[in-house]
Amino acid sequence: MTISEATKLSPARPVSVRPLIWIGAVTTGTVVTNLFAPQILVGLMSRSLDMTALQAGLISTLTLLGYALGLLLLVPLVDLVENKRLILRTLACAIVAAVGTAMAPTPLILLAATFVLGASCAAIQMVVPLVASMVPPERRGQAIGDVMSGLMIGILLSRPMASLIADSWNWRGYYLTSAVLMTVLGCALARYLPTLQPPTKVSYGAMLRSFPRLLREEPVLRVRSWTAALVMASFTAFWAAVALRLPDAPFKLDAKGIALFALIGVAGAAATPIAGRWGDRGFARPLLIVSHLLIVGALALCAWAGMIESRITALTLLGVGAVLLDFGITTDQTLGRRAVNLLQPEARGRINGLFVALFFIGGAVGAAAASVAWSYGGWTAVCAVAATFGVLGFITDIATKTGSE
């Protein structure tokens, strides 16, 4: 299938959409692993460079802070700069930063490299809206769902993949592997990405100042960012605490067992193309309601699993709960992406940057909430807090239809 004019922002030549979607999915899934791998590698990295506890804690923090700034400062450039060139240059920066991280001889250089790597990972959010702009609005949900499945698989695989590579080689080997994979993908993107010149004539400063206006003018952006932030809070709360719970009874998993358990969550990525297709058919609202109820039910199942004496039964229930949780979360995320990508085409970079930055804040809130809940009430409290975010999403569904068409 070729499309020469999907939106007002037309590519310079006809585009074969299916290869573009596949490459977009693989690219986002590969690049995003750099954001979450440090969470599992931080111990190895800090010991090899004799880092202080403060420096070690900054590894993940600076990576994610760099990503947040990239969302707000780099992604809006897709509304101003030719998209293909911008994506390739940003990805090139990520490759250099990954090599710099792998070769870092001192803690200071390592922290600087991880910050740049995090910021350069914003290329992910440049690829997703570009792919979405290549298909008609009535098929946009399906395209976004397909690309998002790669993104979610990358997020869920990042920790176990980093752990396995580090066990076989070392933590530096992970970043070198990432640099090689991103180089290969860069070559594929250079061949298949269409050139797309946005018509925006405003200055970069004016674009950044337009963020508050977009939030005021676009209720769909506000509502869908809100529920996306809520489900991301549930996601990070669960996965931040489950590694602390799994070594204890009744689960009794070692480090490799925990890494293998994390692979279970990949099954949740199957929800993304399904949600995208059903959203295109007009079922977004019931799907959103089901997704938020699914999150609540899944976390109740996970809490119950921690109370059962049988190891096999407990692991089975926890595994089913994890899959259902990821199904609910990815459904909301996919439908939210679909909704915001149907908004102002001339502002798609800023809209996507805002959307991701806001649900990224939700993820940070979820991690902090899980830490507090674990300290005061253990696993059951974590599940209760994570489920509360799902309840708030359900209340939003009942209170408004905005962005659920």
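This is a predicted model: local features need pLDDT of at least 70, side-chain atom pairs count only at pLDDT 80 or more; totals for chains, interfaces and linings use all residues.
A residue counts as buried when its relative accessible area is under 20%, as exposed when that area is over 50%, and as partly exposed in between.

**Stop 1: Cys302.** Select Cys302. Its relative accessible area is 0%, so Cys302 is buried.

**Stop 2: Cys187.** How many disulfides does the structure hold? The count is 0. Cys187 is accordingly in none, and its nearest cysteine sulfur, in Cys93, lies 16 Å away. With a relative accessible area of 55%, Cys187 is exposed.

**Stop 3: helix H16.** Select residues 348–399, which form helix H16. What would a straight helix of 52 residues span? At 1.5 Å a residue the span would be 76 Å, yet the end C-alpha atoms of H16 are only 27 Å apart. Next, pick Gly377 within this helix: H16 bends there by about 140°.

**Stop 4: the leucine patch.** Select Leu65, Leu69, Leu72 and Leu73 and show the surface. Together these four side chains make a nonpolar surface patch of about 290 Å². To place one of them, colour residues 53–73, which are helix H3; Leu72 is in this helix. Is Leu72 buried or partly exposed? Its relative accessible area is 30%, so Leu72 is partly exposed.

Key. Residues are numbered from 1 along each chain as its sequence is written. Side-chain values use heavy atoms; hydrogens and water are left out. Helices (H or I, at least four residues) and strands (E, at least two) are DSSP runs, numbered from the N terminus. The expected span of a helix is 1.5 Å times one less than its number of residues. The bend at a residue is the angle between axes fitted to the seven residues ending there and the seven starting there. Patches are made of residues with over 30% relative accessible area and no salt bridge: like charges are joined within 9 Å, nonpolar side chains (Val, Leu, Ile, Met, Phe, Trp, Tyr) within 5 Å. Accessible areas come from the Shrake-Rupley method with a 1.4 Å probe; for residues, only the protein chains shown count as cover. Buried means under 20% relative accessible area, exposed over 50%, partly exposed in between (1.4 Å probe, protein chains only). A disulfide is a pair of cysteine sulfur atoms within 2.5 Å.
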